[in-house]
Amino acid sequence: MAIDTALRSSTGGALVAGTSTPARLVPARSLDVVDLDKDAASTAAPVAAPAPLRSNGAAIGSALQDSVARAQQAVDYLEQVAGQLENLKGEISARLSGAGNGQRSQQRSVQRQQLDGAVRQLTNTLAARKSSAGGGVDANLNFDGQPAQQRFRIRGLDIDTLQQNAPQTVAFSVGGVGGPQLAVAIGTDQSSEETARAIDRAIAPLGVRAGLNNGGLVFSTPETNWPAVRDSIAVSGRGRVATEEIAPALAPQQWTIGSNSSTNGGNAGNADALRQSLREVVQALERVRRSQDAASTALSAASSQVVTATTPPPEVDLAAEDFASAAANTNYDSLLALSSALVGVSRERVLALLGLR
């Protein structure tokens with residue numbers, strides 16, 4: 001697979017992945033010469049510019065590269081979570097088996113420590129999700145190919161209250177005083193679903209969506225946008241409103257409740273708590289498996305798009321030869337051009353593209 005990487009010069013060459021414009025490698029800026037002797041300056045030879053890098057291949061957009069990176073990181077992260085959930089399932093099953101077989105107190109203590117350790121490990125992995133999962137896995141470990149969403153509620157704003165006060169017009173804004181306000185009309189004959197859809201259409205330009213969850217009004221926004229929304233969302237007649245994050249369904253810290261019982265009298269409650277924990281672990285594992293399939297499908301689709309955007313081999317050869325020639329030249333202009341061309345090339349993007357090979 002050939003990937004078209006064009007090195008384009010604007011104010012010094014910048015490495016741009018995904019451009020169909022021919023690229024040249026030139027210095028960021030030429031050094032000014034102070035004219036102390038006009039006669040000498042008039043006879044000075046001009047400084048030769050470094051040889052251009054030539055590439056006219058098809059484009060691979062940054063959006064596609066971001067999708068590839070997000071899917072690849074999601075695949076890696078979900079694989080790690082799935083392994084830890086499998087380990088937890090085994091630990092809880094062993095604990096249940098031991099409780100039924102009347103294990104000694106020492107054996108139960110060892111199993112309890114192993115279970116606690118597995119829970120701590122998963123808890124730490126979940127806590128690192130935002131920095132490790134590529135921004136595509138949400139708090140419930142779902143992946144749909146889009147940036148992860150933060151779900152929340154607005155205190156005191158629910159469907160029943162809105163419909164009881166209908167007809168009315170409600171305006172939303174994000175960004176403090178003077179920000180754009182988007183209004184929605186709430187009618188007396190609207191159903192709960194129609195009201196939620198009307199609010200969703202109105203506030204979508206603010207980067208916030210609305211919907212129903214178990215009959216309640218729930219909002220969502222990309223996790224990267226959540227701090228701004230949380231601190232500045234306002235509703236007409238109320239001003240800035242308080243928000244409540246919707247807690248994720250996954251709560252591993254609760255999976256050891258009841259597992260600390262070491263007396264015979266507590267075995268029944270202990271076993272019931274462990275069975276409930278086991279059910280929750282299995283459900284979480286099923287959700288992760290679905291997300292793994294979705295992430296793998298997204299990665300394959302993005303890879304196929306990259307394959308169709310290949311650069312003709314002759315162009316790649318020319319670009320490689322020009323880059324090698326420029327890199328071999330150790331004069332100031334070439335080194336300046338090379339360093340400028342490599343500005344902004346992140347390790348994550350390079351690894352994501354190399355992973356497609």
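**Close-up views of a predicted model**

**View 1. Strand β4 (residues 168-174) is mostly covered, with five of its seven residues buried.** Here, buried means under 20% relative accessible area, while exposed is over 50% and partly exposed in between (1.4 Å probe, protein chains only). Strands (E, at least two residues) and helices (H or I, at least four) are DSSP runs numbered from the N terminus. The model is predicted, so local features need pLDDT of at least 70 and side-chain atom pairs count only at pLDDT 80 or more, whereas totals for chains, interfaces and linings use all residues. Residues are numbered from 1 along each chain as its sequence is written, and side-chain values use heavy atoms, with hydrogens and water left out. On to the neighbours of β4: six bridges join it to β5 (residues 181-186), and the two run antiparallel. Look for Gln 168, whose bridge partner in β5 is Ile 186. Strand β8 (residues 233-235) is also antiparallel to β4 and is joined to it by three bridges. There, Ser 173 has Ala 234 of β8 as its bridge partner.

**View 2. Four strands make an open antiparallel sheet in the order β6-β7-β3-β10.** The edges are β6 (209-213) and β10 (243-245), each pairing on one side only. Neighbouring strands of this sheet are turned by 40° against each other on average, direction ignored. Strands count as paired if DSSP finds at least two bridges between them. Between β3 (residues 149-154) and β7 (residues 216-222) there are four bridges, in the antiparallel sense. One place to start is Gln 149, whose bridge partner in β7 is Pro 222. Helix α6 (residues 192-203) lies across β6 and β7, running at about 160° to β6. Axes are lines fitted to C-alpha atoms, for helices over the stretch in contact, with angles from 0 to 180 degrees between N-to-C directions.

**View 3. Three aromatic pairs turn up in a search of the whole structure.** In one of them, Phe 152 and Trp 226 are tilted, at 4.8 Å centre to centre with 40° between the planes. This pair links distant parts of the chain, since Phe 152 is in strand β3 and Trp 226 in helix α7 (residues 226-232), 74 residues apart. Phe 152 is buried, at a relative accessible area of 0%, and Trp 226 is buried at 4%. Phe 172 and Phe 219 are a tilted pair too, at 6.4 Å between centres and 55° between planes. Phe 172 lies in β4 and Phe 219 in β7, so this pair ties together parts 47 residues apart in sequence. Both Phe 172 and Phe 219 are buried. Phe 152, Phe 172, Phe 219 and Trp 226 form one aromatic cluster. Rings of Phe, Tyr and Trp (its six-membered ring) pair if their centres lie within 6.5 Å; planes under 30 degrees apart are stacked, over 60 edge-to-face, and the rest tilted.

**View 4. In the largest nonpolar core, of 33 residues, Leu 85, Leu 88, Val 137 and Leu 141 touch the most other members.** Helices α2 (62-100), α3 (105-127) and α8 (267-308) each supply at least two of its residues, and α2 gives the most, with 13. A nonpolar core is a set of buried Ala, Val, Leu, Ile, Met, Phe, Trp, Tyr and Cys residues joined through side-chain atoms within 4.5 Å. Not counting residues up to four places away in sequence, Leu 141 touches residues including Tyr 77, Leu 126 and Arg 287 (contact is heavy atoms within 4.5 Å). A second, separate core of 26 residues includes Ile 154, Phe 172, Ala 196 and Phe 219.
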